[in-house]
Amino acid sequence: MGNRSFVMVSIGSAVSEKIRSLPGDRERFAYFCVLSSELSSFIGLFRYPPKILAFDLGDDVTIAEASHVISELDAAELIQSDPKSGYLRIVDWYAGPNRVKKNASHAEGIIKDYSRERDTAKKLRLGSISEFAISAVEASHNWGPDAEKLQSHLSTFLHREMRDRGEDLLAALRVRQLSASNSSWDWLCGVLPDLCSHGVDTVSTGSRQRVWVHRRAGFKVTAEGIVGMAG
């Protein structure tokens, strides 16, 4: 799908908690520059180095100042950035108006975009893919025949990424596991069995809440986040 000719921003974005946490108006304006840049893509992952942000911000902003602004956006968890490559990804890209649409063709186009960005900074790319995968599976519920088509495309895509990235892909998915419904997570575990059979145990809590214990790191992850060391 390539680059976009328009941008969609959720109502209320300007007063969101993350944006309010930014230190000033320059950083807030910078975030909307990121969202509306002509360089942005349909997967929210693109090259946007400080030199270009400095130009977009105007007012004789230096490259060093623009680099600092990017670090502030990163610290606020609005973006993830890779200073070495100049790439960034917009966090929670698929949670708003850019969520996966109700047809498999849209998701297939997104998968093709990821195939064109294979040389992107690994951490950013895998973070974006994990967010997309969960969003796509969640969106496909109750789609009927189109759900099977989407899941077939997604399964092939994830298997290919697994061959290339292995444990790094599984780790990126696990970071987002609490954003997935039980049925979506079960589907992902069916496609990638090592996702649930290696490194993570399910622990019963006597409620419907899922708690995962990461054996390697020794911590528990719940809906409230990391809550302590696993016993």
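**View 1. Strands β1 and β3 pair in the antiparallel sense over 3 bridges.** Strand β3 covers residues 87-90. Strands are DSSP runs of E with at least two residues, helices are runs of H or I with at least four, and both are numbered from the N terminus. Two strands count as paired if DSSP finds at least two bridges between them. Within this pair, Leu45 stands opposite Arg89 in β3. The model is predicted, so local features need pLDDT of at least 70 and side-chain atom pairs count only at pLDDT 80 or more, while totals for chains, interfaces and linings use all residues. Residues are numbered from 1 along each chain as its sequence is written, and side-chain values use heavy atoms, leaving out hydrogens and water.

**View 2. An open sheet is formed by 3 strands in the order β1-β3-β2.** The pairing is antiparallel. Because β1 (45-47) and β2 (79-82) stand at the edges with a single partner strand each, one side of each has no neighbour in the sheet.

**View 3. Helix α2 (residues 25-36) lies across β1, β2 and β3.** Helix α2 runs at about 95 degrees to β3. Angles run from 0 to 180 degrees between N-to-C directions, with axes fitted to C-alpha atoms, for helices over the stretch in contact; contact means heavy atoms within 4.5 Å.

**View 4. Asp59 and Asp60 lie in the loop between α3 and α4.** Most residues other than glycine have a negative phi. Phi of Asp59, however, is near 55 degrees, and Asp60 has a positive phi of about 55 degrees. Asp59 is exposed at 73% relative accessibility (exposed means over 50%, buried under 20%, partly exposed in between, with a 1.4 Å probe and protein chains only). Asp60 is exposed at 75%.
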